Amino acid sequence: MLVCVPTAVMAQDAAKPAIETKAKEVLLVDGETGTILLQKNPDAPFPPASLAKMMTMEVVFEAIASGELSLNTEFPISTHAWRTGGAPSGTSTMFADVKSSVSVENLVRGAIVQSANDACIALAEGMAGSEEAFAELMNRRAGELGLKNSHFVNPTGLPAEGQHVTVSDLVILARHIRSAHPELYEIYSQPDFTWNKIFQRNRNPLLKMGIGADGMETGYTEASGYALLGVTDRNDRVTYLAMSGLATAKERSEEAQRQLDWADQSFAIRRLYRKGAVVGAAEVFGGTAGRVPLAAPEEITALLPRQEGERVAARIRYDGPLAAPVEKGAEVARLDILVDGEAVLSAPLVAGRTVETGSFPDRAMGAASELALGWLRRF
């Protein structure tokens, strides 16, 4: 039985400074705390277009980090890669010559800076033999990273039946890439790249806005419109923005800047509970005690609205009553931080002390208490 216990972190009265958006799907997240600042249809699937290249790069980065792949390794540009993603394709390309060989480092730079489809196909074929086999690697890795609602069919994001992502999964992926592969992530902020004597600028519109952007990818399909995964690092705060469903490239750029500026100006870090602080208590069935204190295993912080009067509250969730024995330090509950009734952050809570299995009278009393009071928790 799920038990929700309200607890007062802070109680403030006023309407929140909401921001409207033209995007169909949006997720705006604070990088340090994971606090959700804005969300709209975060788990709705849509065709990824070039946003799929983020998953391609993650697979490549992991292979480089593990030593399975070297930046100096050279892969050939096959006829398929050239026709499908190269100069004849009419899509974003690094203009690599057919049957030439290109180093992994330059293919990665082409794939990131120029969003090059020929580079992504060459990497996929070089690593796995085919786009189809590489897509299997992408989906396997996506599952390991916790991308629950995304599926990949090719390394480029070119239209394919069954290929989709969500803004929730994209933010998870972006946060992982930035933290796990910081040196390779720096390529996302490279302003331009020249290959085969053809100069191309980075396709990310946020990089030239002076808002601290350092990544990450854009996309467009007729089916889902213009999309973007943007990352900013300013005023000692990292922010992730995933959005899709914009009508034009100009609208995408304007919406992204407006939301990122709003996040920077309207929120501040608030430290809610120190490490080890008792946040509440959970009921225990069949133990030497009927309740166990719930403590924060780490400091709990959230990015919350600056303006006074915001409705900020918290609730404790656990499947209860907990069955004895309960071991000290075991994760037994979650603390949800809510803004205007909507959860923006969830943090683990642990048992503050051990509760042993009780004697027969203890267990009998616990059973009687649950029988008498358990119905109240259903409301």
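Proline 325 is located in the loop that runs between strand E16 (322-323) and strand E17 (331-339), where helices (H or I, at least four residues) and strands (E, at least two) are DSSP runs numbered from the N terminus. The peptide bond leading from alanine 324 to proline 325 is cis, with omega near 5°. The model is a predicted one, in which local features need pLDDT of at least 70 and side-chain atom pairs count only at pLDDT 80 or more, while totals for chains, interfaces and linings use all residues. Residues are numbered from 1 along each chain as its sequence is written, and side-chain values use heavy atoms, with hydrogens and water left out.

A cis peptide bond also joins glycine 215 and methionine 216, with omega of about 20°, and methionine 216 belongs to strand E8 (residues 213-221). Most residues other than glycine have a negative phi, and most peptide bonds are trans. Phenylalanine 95, although it is not a glycine, has a positive phi of about 60°, and this residue is found in the loop between helix H2 (79-85) and strand E5 (101-103). Serine 115 is a residue other than glycine whose phi is positive, near 55°, and its place is in the loop between helix H3 (104-113) and helix H4 (117-128). Serine 115 has a relative accessible area of 4% and is buried.

The largest nonpolar core contains 58 residues, of which Met55, Met57, Val60, Leu107, Val108, Met216 and Leu229 touch the most other members; such a core is a set of buried Ala, Val, Leu, Ile, Met, Phe, Trp, Tyr and Cys residues joined through side-chain atoms within 4.5 Å. Helix H1 (residues 53-66) gives the most to this core, contributing eight residues. Apart from this core lies another, of 31 residues, which includes Ala289, Ala314, Ile316 and Leu349. When residues up to four places away in sequence are not counted, valine 108 touches Met57, Val60, Phe61, Leu123 and Ile187, contact being defined as heavy atoms within 4.5 Å.

Helix H1 also packs against other helices. Two packed helices are described by the angle between their axes and the distance between the axes. The axes of H1 and H4 come within 11 Å and cross at roughly 45°, the axes being lines fitted to C-alpha atoms, for helices over the stretch in contact, with angles that run from 0 to 180 degrees between N-to-C directions. That angle makes H1 oblique to H4, since angles under 35 degrees count as roughly parallel, over 145 as roughly antiparallel, 65 to 115 as roughly perpendicular and the rest as oblique. Lys53, Thr56, Met57, Val59, Val60 and Ala63 of H1 make the contact with Asn117, Cys120, Leu123 and Met127 of H4. The axes of H1 and helix H6 (residues 167-180) come within 10 Å and cross at roughly 30°, and H1 passes H6 in a left-handed crossing. Here Met54, Met55, Glu58, Phe61 and Glu62 in H1 meet Leu170, Leu173, Ala174, His176 and Ile177 in H6.

The structure holds four aromatic pairs, for which rings of Phe, Tyr and Trp (its six-membered ring) must have centres within 6.5 Å, and planes under 30 degrees apart count as stacked, over 60 as edge-to-face and the rest as tilted. Phenylalanine 193 and tryptophan 195 form a stacked pair, at 6.4 Å centre to centre and 15° between the planes. The rings of tyrosine 220 and tyrosine 226 have their centres 4.3 Å apart and their planes at 35°, so this pair is tilted. Phenylalanine 193 counts as buried at 8% relative accessibility, tryptophan 195 counts as partly exposed at 23%, and tyrosine 220 is partly exposed with a relative accessible area of 43%.

Threonine 73, in the loop between H1 and strand E4 (74-76), is 30 residues from serine 103 in sequence and 5.4 Å from it in space, C-alpha to C-alpha.

Notes: Buried < 20%, exposed > 50% of the residue type's maximum accessible area, 1.4 Å probe, protein only. Left-handed = near helix turned anticlockwise from the far one by under 90°.
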